Amino acid sequence: MARAGINKVQVQQARDTVLARGENPSLDAIRIELGNTGSKTTIHRYLREIEEAESTRLDDEQLLTKTLQEMVARLAARLREEANELVSAAEKRLKDQEAQWKQERERLEGSLTVSGEKAHRLEQRLVDSRSSLEQATAELQSERLQAQRQAQQIADLEARLADKDSHLKSLEDKHQHARDALEHFRQASKEQRDQDIRRHEQQVQQLQTELRQLNQSIIVKQGEITQLNKDNARLASELGAVRRQAGSQEDALRKSEQLVSAQREQLSQTSTNLSAKAKERDLYCEQLERARLELKECAHRQTELEIALAEARTSLSHFNAAAEAKR
């Protein structure tokens, strides 16, 4: 936008002043003549309007020959053609690149969506695995507590068995003492057989009765010991089964931990791939921005070509003015 006070008349006067000095009426020269005021865009627009108004006189054979007119027309046409070709090529490249980047962006977005869904599924699997792991851990803890209780029961049964063995040994000792006493009595009775035969017989009968009772007690205790041995074997078998089951649970727990670790590594790899895709997307955005800058440069180049064309026309006008002055 031009500053206040700059108009087409002032630009016309400044241009005429520069031409009167025999200088080239370029944008910088006219702006200096105007006191460094006004934008170059506005000055260029006014110059173009002035030159277009003056170009209506180019058909006057007294000012310009036909050959020079054709040369100027070809030069202008060539400049416009080159500018249009540059702009068309830049626009085509930009459209191709934008189409390519759009396809790549859609592909990346699709890949990102798939990766996000895969990450979500992995997270869900991880949550399920953790839940299964916690359940397996609870079951293993329960089995361990049950195994501890059964081990305590076995220990109690072993203690009871030891008590029974001790009691049995005590009974055997009593039996042995009874046998020893019987033998001692027999020895003593030999010395007093004639005198105490009746009393001896009574004592023998009494001892035999006690012996039968002791034997019956021994048989009963042996039956109890046999039953305890069977119970001990059954409990030992159950303890082995529990220990095997606990080992299986521990193996399943280790496998679950390995699966969780693998899933965590896979999730980490997915996150790394997502970061790489994001960096690749940023790179494509940078390339798109560079293409846009290139298009702007082409537009700027076209403006410069138009300015050069205006300056060529100005030089031609100056040449015509000088030729007229010589005539």
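How many nonpolar, polar and charged residues does the lining of the second largest cavity have, by class? Keep that one in mind, everyone; I'll come back to it after a quick tour.

A word of caution before we start: what you see above is a predicted model. The mean pLDDT of the protein chain is 78, with 88% of the residues reaching 70 or more. One stretch to treat with care is residues 58-63, where the pLDDT falls below 50. In the model, that stretch still has 10 contacts beyond its near neighbours in sequence.

Now the overall picture. The protein chain has 5 helices and 0 strands, so if you walk along from the N terminus, you read α-α-α-α-α. Of the 327 residues in the chain, 24% are buried. The accessible surface comes to about 23,000 Å², and carbon and sulfur atoms account for 50% of that. As for contacts, take those between residues at least 6 apart in sequence: 79% of them join residues at least 24 apart.

Let's stop at one residue, asparagine 36. You'll find asparagine 36 in the loop between helix 2, residues 27-33, and helix 3, residues 40-55. What is its phi? Asparagine 36 has a positive phi of about 55 degrees, although this residue is not a glycine. And how exposed is asparagine 36? Its relative accessible area is 44%, so asparagine 36 counts as partly exposed.

On to the cavities, as promised. The model has 5 cavities of 30 Å³ or more.

The largest share, 4 residues, comes from helix 5. If you want to click through the lining on your own screen, here it is: Pro25, Ser26, Leu27, His44, Leu47, Glu51, Ile307, Ala310, Glu311 and Thr314.

And that brings us back to my opening question. By class, the lining of the second largest cavity has 5 nonpolar, 3 polar and 2 charged residues. Glu51 and Glu311 are both in that lining, and glutamate counts as charged.

Key
Residues are numbered from 1 along each chain as its sequence is written. This is a predicted model: local features need pLDDT of at least 70, side-chain atom pairs count only at pLDDT 80 or more; totals for chains, interfaces and linings use all residues. Side-chain values use heavy atoms; hydrogens and water are left out. Helices (H or I, at least four residues) and strands (E, at least two) are DSSP runs, numbered from the N terminus. Buried means under 20% relative accessible area, exposed over 50%, partly exposed in between (1.4 Å probe, protein chains only). Contact means heavy atoms within 4.5 Å. Accessible areas come from the Shrake-Rupley method with a 1.4 Å probe; for residues, only the protein chains shown count as cover. pLDDT is the predictor's confidence in each residue, from 0 to 100. On a 1 Å grid over the protein atoms alone, a cavity is a set of points where a 1.4 Å probe fits but cannot get out, and a pocket is an open set with protein on both sides within 12 Å along at least five of seven lines; lining residues have an atom within 4 Å of a point. Grid points are joined across faces, edges and corners, and a volume is the space filled by probe spheres set on the points.
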